[in-house]
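Dear colleague,

Please find the structure handed over below. A summary of the findings follows it.

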Amino acid sequence: MRNLTVRERVLLLLLAVIAVISGYVLLFYMPTTQRIESLNAQIAQSQELVAQMDARLATQQQMERKLEQLSAQGAQVPYMPAYDNLQAVMVELNTILAGCQEYSLSFQSEQGEDNVFCRQVSIPFTCGSYEQAHEILQKLHDSALRGLLGDMQLSQQENGTVKVSVIITFFEYQTAGSAQNQEEVELH
C-alpha cells in the first residue's frame with residue numbers, strides 16, 4: 001500500500017467535509033425547515049380558527065345578554081320549534097285567519113341550512129277592511145311561531161273587500177336526534 005500524497009489527503013479531507021455538510025443539509029436542515037414551515041402553517045390555521053371561535057363566542061354572549069334583558073323586562077322570548085312543525089303551523093294559521101272571508105295556504109318545499117329549516121307559506125286572503133287586514137297581518141307577525149313576513153300585496157276590490165297576498169317564512173330547528181328520527185321515518 002502506498003502513502004497518500006498531500007494533495008490526495010487534502011482532497012479526501014475536502015470530500016469528507018462536503019459529505020458531512022451534505023449529510024447535515026439533507027438529513028437535518030431540510031427536514032427541520034420543512035417541519036417548521038408545516039408547523040407555522042398549522043399555527044396560522046389554528047389562530048384563524050381561534051379568531052372565528054372568539055367571534056362566535058362574542059356573538060353568543062351578546063345574544064345571551066339580549067335574552068337576559070328581554071327576560072328581565074318580562075318579554076316572552078319566542079322559541080324556534082322543532083323540525084317538521086307543519087301541524088302547529090297549520091293550526092296557528094287557521095286560528096289567525098278564521099275571521100277572513102276566504103283564504104288559502106300554499107306551502108313551498110322547505111329549505112335547510114345548518115339544522116335550521118325554512119318553511120315558506122303563501123297566503124292569499126280576503127277580508128272586510130284595511131283595519132281587519134292590518135290586524136291579521138299583525139297577528140301573523142306576532143305569532144308564537146318563529147316567522148318572517150315577506151312579500152306583501154294589498155288591494156281593495158270593487159265590492160269594498162280587501163284582498164291580501166303575503167308570504168311568510170317559518171323557521172324550525174332540527175336537532176341531531178330529530179334528524180335521525182326523520183331518516184327512520186323516511187326509511188319505513
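Tyr-24 and Phe-28 are four residues apart in helix 1, so about one helical turn separates them. An α-helix has 3.6 residues a turn, so residues three or four places apart point the same way. Helices here are DSSP runs (H or I, at least four residues), numbered from the N terminus.

The model is predicted: local features need pLDDT of at least 70, side-chain atom pairs count only at pLDDT 80 or more, and totals for chains, interfaces and linings use all residues. Residues are numbered from 1 along each chain as its sequence is written, and side-chain values use heavy atoms, with hydrogens and water left out.

A search of the whole structure finds one aromatic pair. The ring centres of Tyr-24 and Phe-28 lie 5.4 Å apart with the planes at 35°, so this pair is tilted. Rings of Phe, Tyr and Trp (its six-membered ring) pair if their centres lie within 6.5 Å; planes under 30 degrees apart count as stacked, over 60 as edge-to-face and the rest as tilted.

Tyr-24 counts as partly exposed because its relative accessibility is 44%, and Phe-28 counts as partly exposed at 47%. Buried means under 20% relative accessible area, exposed over 50%, and partly exposed in between (1.4 Å probe, protein chains only).

Helix 1, residues 6–72, contains Tyr-24. At Val-25, helix 1 bends by about 35°, the angle between axes fitted to the seven residues ending there and the seven starting there. After helix 1 comes Gly-74, with a positive phi near 85°.

Yours sincerely

Notes: Helices (H or I, at least four residues) and strands (E, at least two) are DSSP runs, numbered from the N terminus.
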